[in-house]
Amino acid sequence: MPVPAPEKGAARRARRAARPREAGPGAVPWIRARLRAAPGQALATGVLVMVTAFLLAALPRAVDSYESGALREALARAQADRRSVTVTADVLARDASPGRSPVPSDAELAATAEAFRDVVRPPVVPQPGADVHGVRNGTPAPTLGRALPRPAQLDPRATVVVPPREVLSGLRTVTGRLPAEAPGDDVVEAVLTARTAEVMGLEAGSSVRLATVDGAPLTVRITGTVEPRGPRPALWTAVPVVRGPAMVWVPGRGDPRGYWHFGLLSGGGAREALLRLEGGAVAFWHHPLRLEDLTPDEVPAAQRALASLSGGSDAARLQARSPVEGAVVDGDGLDALLAAFAAERRAAGPLVLVAAVGVASVAAVVLLMAGGLAAAGRRTETALLRARGGSLPGIARLLAAETAVVAVPAAAAGVLCALLLVPSRRWAAALLLGAAVAATACLALPLRAVVAHRTPWAAAREDLTAARPSRRRVVVELTVVVLVAGALAASRSGASAGVLTAAAPVLIATAAALLLRRIHPIPLRLLARATDRLSGAVVHLAVVRAGRAPAAAVMPLAAVLVALTVASFGGSVLAGVADGRSRAARAAVGADARIEAPASLPEGLAARIRRVDGVEEAAAVRVEYGLRTAGFSRPFALVAVDPSSYARLAARTGPDGGGFPAAALGRYGGTGPLPAVVSPGLAEDLGGGAATVATDSGSVGIRAAAVRAAAPAVEGDFAVVSAASLARSRPDGPGRTDGTDGTDGTEPTVLLVGGAHLDGARLRDAARGAGTGLAVKLYSEELARYESTPLQTGARLLYLAAVAACAGYGALALLLALLRTAPGRRALLARLRTMGTSRRQAHALAFLEALPPIVLAAAGGILTGLAAVLLLRPGVDLTALAFSADARGKGATVQAVLTPDPGTLLWPPAGVLVLACTVLALQTWLSGLRGPGTELRTEEHT
Amino acid sequence: MTERTVPATLADLEQRAEAARERPGYGQDALVVCDRLVRIFTAEGVEVQALQGLDLLIGHGELTALVGASGSGKSTLLNILAGLDVPTAGAARVGGHDLLAMDAASRLRYRREVVGFVRQETSRNLLPYLTAEQNVLLPMQLAGRRTRRRERTARARELLDLLGVGHCRDRLPRHMSGGEQQRTAIAVALANSPSLLLADEPTGELDSSGAEQVLASLRTANEELGTTVVVVTHDAAVASSVRRAIAVRNGRAASEVVLRSEVDEHGAERVVTQEYATVDRAGRLQLPRGFTETLGIAERVRLALRPDHIAVHPDRVADRPDRVTDRPGGSGDD
């Protein structure tokens, strides 16, 4: 039957009208009603969002802040010449065309300086008005005559500087006058500073003769002394020798020798005379840079600009624009400084990223969990909305609006606090993270509520024990497992740390949380079966109830587990750093203090040291380095000790906690190879046999009597023999091959001192009293030497903050979980009271019912923390955090690795348990106050 | 009762088909049509047949009660009619909407515009943080029809006044008595002018006066607004005050009690209750337990067609078919 036309139109209109349209803001003041109905929850949500937004927004700013501080300190500590760029140009005699002098004039030099200022690119910015230029001789010219001080019979050398006219006239004349401008004949006038005059014994009127290439000496007449008017004049920084003479040491044998190097300031007339000096004339430009505004992010750009100036496009542009040919830019000092900073930043970067990702993940998990709990609590309400005709997007919009009214201002407040309290220039990342926090908080509740109502009819029983996991859940779990495997593989293979490797601890914790959700009922079921024969009903009931808890009750405990794991990982990083430093210091010193003499310890040193306060042990040993057994290439150190004192020392301070087998060294008859305690590598070389080794006291045979992994006072491979046995092995005295020091090669060279609180000053005094040339090293001082750069200190503080934040979030997740189940618990207690259980029994039941999941979560947190440390240890290198670049460069070979830290492994879970018990006790006491009648009058809770 | 088959021509068959098409279908002008409705719940290997082929016809503007013991399937039927559950088999049509073939959008439209639902627990009918008037406004707002706010507010007040809870307009639910809460819930259910109002034991939590008020409101809704009302109850007072009470037994509609007013010999109007047994489309009939137990009816009955009724005789031991001489369906007892 064909549909007549008007009916078709009506059908279309009906269809259009029937399409569900969403309502705009209607007459129901939803937000106001909700806020009035649950102000406490809104306040709590607001506080949580504000704190989280503050933490996450402050994170990038804190990182930037300490990086900037580190850069500023590095720049401030650097010497002035590293904070500037120097341009030099060798002046070769140019063709003397009319109007052009052989040496560049002041105007040309100024033009070149101007060209440099044009060419240089930001972030390399020259300080305005601080640059200085001039001409000087290329190499210091030797003086002639014997009038000047000659400490080692070496002639002093002079550098003659010709600054621009205005710089010279800007100096304050102390005595005499400034040098004349006009070119004279062979005599050149110059001035010098008072200090130079004092040291070199010159004054106004004296002359200095300088050697020239053409043989005829150049006479420089001193016309006066000058002082700069202001502090730190640019010329003094550009040519430091002008300020005062410096002693230049000449390498050689015997006593050190050197000569004086001093500077003279001359007028414009000396320019051409400089050409006659050895090394010719060099035009120089000194541009101090304005580096206060340099941020760590601009460092790569600065490096690029410097590289371009040194040999790239900018160098070509400078040469093209400069009237002086051959201008070469040298920024190596600054470049090296920036490169060192960039390298440290790069090394510490991945570790900081791990901490940041950890905290951000834990915060996100807790926010999502709070939203999920809230959604679970409002299940009936959203079901009602759905039944009254609310569409899923409409309900989501209502819930999102209600949360956004609280969350968005709170997030804004948190971000504002971060912007105000943490000084930094980086704001984009902070804003982005704050917005992400607000979005997560706004969307968690609506999405969770809407997902639960996708199907219109009620779900089956939600018991944990009976629920068969859906396929979607299996897919999610497998995805997480794959991600974890990928992250572990990436971190172990040493690939560059992307976000995946940075998220490795969080991924491991997530996998453990999913595992906990799966196996959570099993121990409870076992416990239920074990307790069902008990005479009282309370324990069994509690365990059974714990097993029947809805799945929503386990979700917050998964969040607790993630938080505990990340906190313990952070703690293990800090512990690893401390442990690495301690091991490095121990390896460098060997005991609590070490006194080393180049040839042999002076007489009576041991006795004097033993008398110093705080010294408990002193063992004198002889260490010879770099020995090799015949036929094997591995160098080792031979240590001749007194076994008993050495063993005592090893027990105190040894790397492997003592257990040094002194007895193995004792049995020696006098013939044959000496028994020695050797390192594993050397034992491998010896292979059970004996070998001869050439020591300072002659050759001696050794065999391996015991193997230890490490011994005090030595690093690497070693062989420890008894000094007495060594002496006995040469009944006819030692045959020393090299007798220059007057020793016989058997005396101890190192005194190892053990004591709890050693005073370095007193030890040094005692050592000085015994002899000279002794080097005293203290373990505490070595450890203090590893005191970090601001970069490392900042990173370590960040880790501390991350640990604290994660522990706090874990406690918060637990609190939320307990608060969520509080109404059900109160109703349970009331019903139990009506059934006739005593108050004590009822409270015990409520207590025991809530505890098993929390205990499981805490235990899971400890195990997962340990597992994360063990799994990630090969891949995470903490050396960048433990030792600064200088210490690394000086050869601290100890590697800092993740070390399980008992503090952060055990204290947070214990804290969680204590908190849970406290809150549970408080809740049961409060419900006892109200009485069962009041509880039961209110509606169905669970 | 055999018919003699006559070979049919094609024209005969066409005529018969046309006649069948023009004959009114089952439940043509009824609002609620349930045709052999089946709902089976499966949980952990246990199967529960809540509805076993239920036939039901409810016309426009009727005030009907569904009564039955617990477990008889009446709440399941209500959930299906409200669009909150989907039947396993059979057909259910409410106001032209086929309840088995609805997608999410049409189900949403159905919940908004065709049906209103009132539950037993007062807390699940109203949002505790909105006043009565705001609760009534909420479904209107969620439906998103283009009505102005003033009109909506006027309609909300009108509904509340009609049901006698106008004085509770600005009160929160916890400040209202049980009866007032349920009447507000009825107003909420009527907010979008549904064709069908479903109430699941609305008087279950109330005392007798409250129950009386709720019943009066339902009757008002039915009479003033013309809404078809179906009340599920096991309260005898409710069942006796509606015009038609359908008893559901073992997942099927078993019997009905209908109130009819008639004029007796003195000219006075009298309300008479008449109890009927429901006959489904296949002609099946459920005999009341009282009847079957009294007569000892077990497996078989004998039927006899009389001019104006059907006689149902129990299967006597003497009439067992092992006596060969008797004809089956034989002599009646009277």
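This is a predicted model: local features need pLDDT of at least 70, side-chain atom pairs count only at pLDDT 80 or more; totals for chains, interfaces and linings use all residues.
Chain A contains 33 helices and 21 strands, and of its 942 residues 47% are buried. Chain B is built from nine helices and 13 strands, and buried residues account for 44% of its 334 residues. The accessible surface of chain A amounts to about 43,700 Å², with 59% belonging to carbon and sulfur atoms; chain B exposes about 18,600 Å², and there carbon and sulfur atoms supply 49%. If one takes the contacts between residues at least 6 apart in sequence, 81% of those in chain A join residues at least 24 apart, and the corresponding figure for chain B is 61%.

In general, nonpolar side chains in soluble globular proteins tend to be buried together. The largest such core here has 158 residues, and the members that touch the most others are A:Leu210 and A:Leu264. The greatest contribution comes from helix H11 of chain A, residues 332-377, which gives 19 residues to this core. Because domain 1 (139-279) and domain 2 (521-576 + 789-942) of chain A both give residues to the core, it lies between them. The surroundings of A:Leu264 can be followed residue by residue: setting aside neighbours within four places in sequence, A:Leu264 is in contact with A:Ala158, A:Thr159, A:Val160 and A:Val161, with A:Ala190, A:Val191 and A:Leu192, and with A:Val220 and A:Ile222. Apart from this core lies another, of 51 residues, whose members include A:Ile395 as well as B:Leu63, B:Ala132 and B:Ala221.

Elsewhere in chain A, a feature of the backbone deserves attention. The peptide bond that leads from A:Pro122 to A:Pro123 is cis, with omega near 10 degrees, and A:Pro123 itself is placed in the loop between helix H4 (106-119) and strand E2 (132-137).

For B:Ser193, phi is near 50 degrees, and the residue lies in the loop between helix H6 (178-189) and strand E7 (196-200). For B:Glu201, phi is likewise near 50 degrees, and the residue is found in the loop between E7 and helix H7 (208-224). How does their exposure compare with the cut-offs, under 20% relative accessible area for buried and over 50% for exposed? B:Ser193 has 47% relative accessibility and so counts as partly exposed, whereas B:Glu201, at 10%, counts as buried.

At 63% relative accessibility, B:Ser208 counts as exposed. The C-alpha atom of B:Ser208 is 23 Å from that of B:Ala132, and the two residues are 76 apart in sequence; B:Ala132 has already been met as one of the members of the core of 51 residues.

The last stop is B:Val301, which is found in strand E12 of chain B, residues 301-305. With a relative accessible area of 33%, B:Val301 is partly exposed. Not counting residues up to four places away in sequence, B:Val301 touches B:Val312, B:His313 and B:Pro314. Between the C-alpha atoms of B:Val301 and B:Ala89 the separation is 30 Å, and these residues lie 212 apart along the chain.

Definitions and conventions
Residues are numbered from 1 along each chain as its sequence is written. Chains are lettered from A and ligands numbered from 1 in the order in which they are written. Side-chain values use heavy atoms; hydrogens and water are left out. Helices (H or I, at least four residues) and strands (E, at least two) are DSSP runs, numbered from the N terminus. Buried means under 20% relative accessible area, exposed over 50%, partly exposed in between (1.4 Å probe, protein chains only). Contact means heavy atoms within 4.5 Å. Accessible areas come from the Shrake-Rupley method with a 1.4 Å probe; for residues, only the protein chains shown count as cover. A nonpolar core is a set of buried Ala, Val, Leu, Ile, Met, Phe, Trp, Tyr and Cys residues joined through side-chain atoms within 4.5 Å. Domain bounds come from an automatic or database domain assignment.
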